[in-house]
Amino acid sequence: MAEHNATAVTGSPMKKLKDGDDNGAAAAVNGGGNISSVIPGWFSEISPMWPGEAHSLKVEKILFQGKSDYQDVMVFQSATYGKVLVLDGVIQLTERDECAYQEMITHLPLCSIPNPKKVLVIGGGDGGVLREVARHSSVEHIDICEIDKMVVDVSKEYFPDVAVGYEDPRVTLHVGDGVAFLKAAQEGSYDAVIVDSSDPIGPAQELFEKPFFESVAKALRPGGVMCTQAESIWLHMHIIENIVANCRQIFKGSVNYAWTTVPTYPSGVIGFMVCSTEGPEVDFKNPINPIDEKENQNTSTPPLKFYNREIHAAAFCLPSFAKKVIESKTKN
C-alpha cells in the first residue's frame, strides 16, 4: 500500500543513515516511525484503525529516515522479514511477504480478462504492482500516478527487487494526485485500474468513496476491471460493507471481494474489491488469462512466489460471517 495519503508535513531532504548512526537498539524514532518504548529495539505499529493491538518487528538497523511533503518515510532492516518500508508509522511492505499483496492485487484483475493492453496504477510508488503488471506480455502501456516522489526514490534504492518494474519501457510515471489524474483521464481509456491505496483515514478517504469509483468506472472500457485495496475482514467489516455498497452502485458488471494473507499487515490478512464495468462478462473466480512463467525466465523480474491459478480461485472463498455481509450488499 505504497501511496499513503497522510496529513501533510514539512518537506525535508532524504537522510541515509550511516553505519553507527542507529543500530535499531535505541528506543525512539521521531514522526511516523514508532520504535516501541516498552521493548527497545522493536518497531510497533499502533493505529486507531486497529485499536487495542499492535504488531511488532525486531529492528536490526534503521537504514533511512526522511520527511516528504506528505509523510514520514522510514526503512529498517528487521530480524525476520528483511527490509521494511514504513510510511507514517504504518508498514507498507517487507521483503519477505510483499509478494502476497503485490501479486494478488495485480493478477486477480489482469488474469480475469483476455489480453489487457493499457493499465493504470494509482499509488503503488514502491513499484511492486508495476513489476507484476509487466509480467503480462499483452500489456502495451502502464501509467502509474504516485503522489510522493520520495517513496519512488527510496524504493528504488532500498528495494530494487520490488522497484524493478520502473525499468520496464512500457511504464510512464506521473507524480501527482491520483484522484485528479483519474478525473482527467479519457473515458474508456484503460483495460484495468489497480488502486494500491492506504487506509481510509484523512485524505485517503477519497479513494473509498463513490465519486472516486465513478471516476474509475468512467476511465475503464466496457468490461474493464478495477482492483482496489479493501481492508481486513477481521478489523474493518463496517468499512468493507460501505465499499461494497458503493461499488455495487457504480460497477454494473461484476462486484466481488477477495482476500489474501500478509503476515505483517494488521490481523495478517488484507482484502480487495474486484469489479468490472458493464460490457463483456468477467468471471473473476475463474481466471482465463494465466501467466506463463516461461515469458519471464529471461528477464530481470523474479519468479512468482505467491500467486497461482488455485490461490486465485480460493481468494474468493469467504468465511461465513464475511460472506453474509458482503453478499447482502452485492445482490442487485
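Modeller: Happy to! Let us begin with S68, which sits in the loop between β3 (55-67) and β4 (72-78). Strands here are DSSP runs of E with at least two residues, helices are runs of H or I with at least four, and both are numbered from the N terminus. Before going further, please keep in mind that this is a predicted model: local features need pLDDT of at least 70, side-chain atom pairs count only at pLDDT 80 or more, and totals for chains, interfaces and linings use all residues. Residues are numbered from 1 along each chain as its sequence is written, and side-chain values use heavy atoms, with hydrogens and water left out.

S68 counts as buried because its relative accessibility is 5%; buried means under 20% relative accessible area, exposed over 50%, and partly exposed in between, with a 1.4 Å probe and protein chains only. A polar atom of the S68 side chain lies 3.0 Å from the backbone nitrogen of Y70.

β3 and β4 form a hairpin with four residues between them. They run antiparallel and are joined by seven bridges; two strands pair if DSSP finds at least two bridges between them. Within this pairing, G66 stands opposite V73 in β4.

β3 has another partner as well: strand β2 (residues 42-45) pairs with β3 in the antiparallel sense over four bridges. There you can find E45 opposite H55 in β3.

To place this part in its setting, step back to the protein chain, whose secondary structure comes to nine helices and 13 strands. Of its 332 residues, 59% count as buried.

One more strand deserves a glance. D196 is in strand β10 (residues 190-196), and the UniProt annotation "active site", from an unreviewed entry, covers D196; such annotations may be inferred rather than shown by experiment. With a relative accessible area of 0%, D196 is buried, and a polar contact of 2.6 Å joins its side chain to that of Y101.

Conventions:
A polar contact is a pair of N or O atoms within 3.5 Å; within protein, one must be able to donate a hydrogen and the other to accept it, and residues adjacent in sequence count only if both atoms are side-chain atoms.
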